[in-house]
Amino acid sequence: MMEIKQVSFSYFKKGPIVLNDFSLTLKEGEIVALLGTNGIGKSTAMRLLSGLLKPQSGEILFEGKPLSKMSDGEKARKIAYLPQRSELPDLPVEEAVLLGRLPHYYLYPSIEDRRIATEAMEEVGIAHLAGRYVSTLSGGEQELVSIARALADQPSVLLMDEPTASLDPAHRQSVHRLIKKASDKGMAVLLSLHDIDEALRLADRLLFLEDGRIAYSATPEELSEEMLKNIYGVNMKIIEIDGHKAVIEERI
């Protein structure tokens, strides 16, 4: 569905290379976790896939078509991007979610657009907040509004940069369920994560970024302690709890 081919990127002409010979593929209905140390380029990769940044070399394809050849409207209809700190306008929640339909209508939203936005709020569990202004919501509730807005777009690809970083366990579980639902509907989901355990619970495939490229690609079953040591430079143990893998760091 979406493919990055040997992309290189730097924010400045003579600055350090952030991504170099970077390649990955996203398939329909797949959840992929992008992991690595702080500042390694995960957020940059997300912005490249969203079309907000353009690579210096290499290419990004959506369904075989270069992303650079797609209009802004076409990209907005096909790819939804949730940055780490999503800025929401201080509107009633219903209107904020309806903004997700903006790439699909001209001038005014239709009854169908409003129906889709309402369904997105119901799916996320925030329908009861429809009349509340965004500024009156908690951080976790605002994150759910951002996700509802992205789902209202009905994209083919969902890019989420640290979607649960500031959430409590209850809201985190809500977001996990939504990610699984999006995948079940056929969306390709790319998550930028720090938490390896979260990636093991959610993702079909784990990609570890190092030196500007994917150093390891592994399913949860294939993940090894050696991979983790090589990427993070610390010893970690992979254990199994109730049939699921988890990672623990060595005791200091």
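Author: Happy to. One term before the helices: an axis is a line fitted to C-alpha atoms, for helices over the stretch in contact, and angles run from 0 to 180 degrees between N-to-C directions. Helices (H or I, at least four residues) and strands (E, at least two) are DSSP runs, numbered from the N terminus. This is a predicted model, where local features need pLDDT of at least 70, side-chain atom pairs count only at pLDDT 80 or more, and totals for chains, interfaces and linings use all residues. Residues are numbered from 1 along each chain as its sequence is written, and side-chain values use heavy atoms, with hydrogens and water left out.

Reader: Thanks! At what angle do α5 and α6 cross?

Author: Roughly 10°, and the axes of α5 and helix α6 (residues 169-184) come within 10 Å. The two are therefore roughly parallel to each other (angles under 35 degrees count as roughly parallel, over 145 as roughly antiparallel, 65 to 115 as roughly perpendicular and the rest as oblique).

Reader: Which residues make that contact?

Author: From α5, Gly140, Glu141, Leu144, Ile147 and Leu151; from α6, His171, Ser174, Val175, Leu178 and Ala182. Contact means heavy atoms within 4.5 Å. By class, there are six nonpolar, three polar and one charged (Ala, Val, Leu, Ile, Met, Phe, Trp, Tyr, Cys and Pro count as nonpolar, Asp, Glu, Lys and Arg as charged, and the others, Gly among them, as polar).

Reader: And how far apart are the axes of α4 and α5?

Author: They are 9 Å apart, with helix α4 (residues 111-124) and helix α5 (residues 139-152) packed at an angle of about 135°. That pair is therefore oblique. Ile116, Ala117 and Ala120 are among the α4 residues that meet α5, whose side includes Leu144, Ile147 and Ala148.

Reader: Changing topic: how much space lies in the largest pocket?

Author: About 540 Å³. On a 1 Å grid over the protein atoms alone, a pocket is an open set of points where a 1.4 Å probe fits, with protein on both sides within 12 Å along at least five of seven lines; lining residues have an atom within 4 Å of a point. A volume is the space filled by probe spheres set on the points, which are joined across faces, edges and corners.

Reader: Which elements supply its lining?

Author: α2 (72-78), β6 (79-82) and α5 each supply at least two residues.
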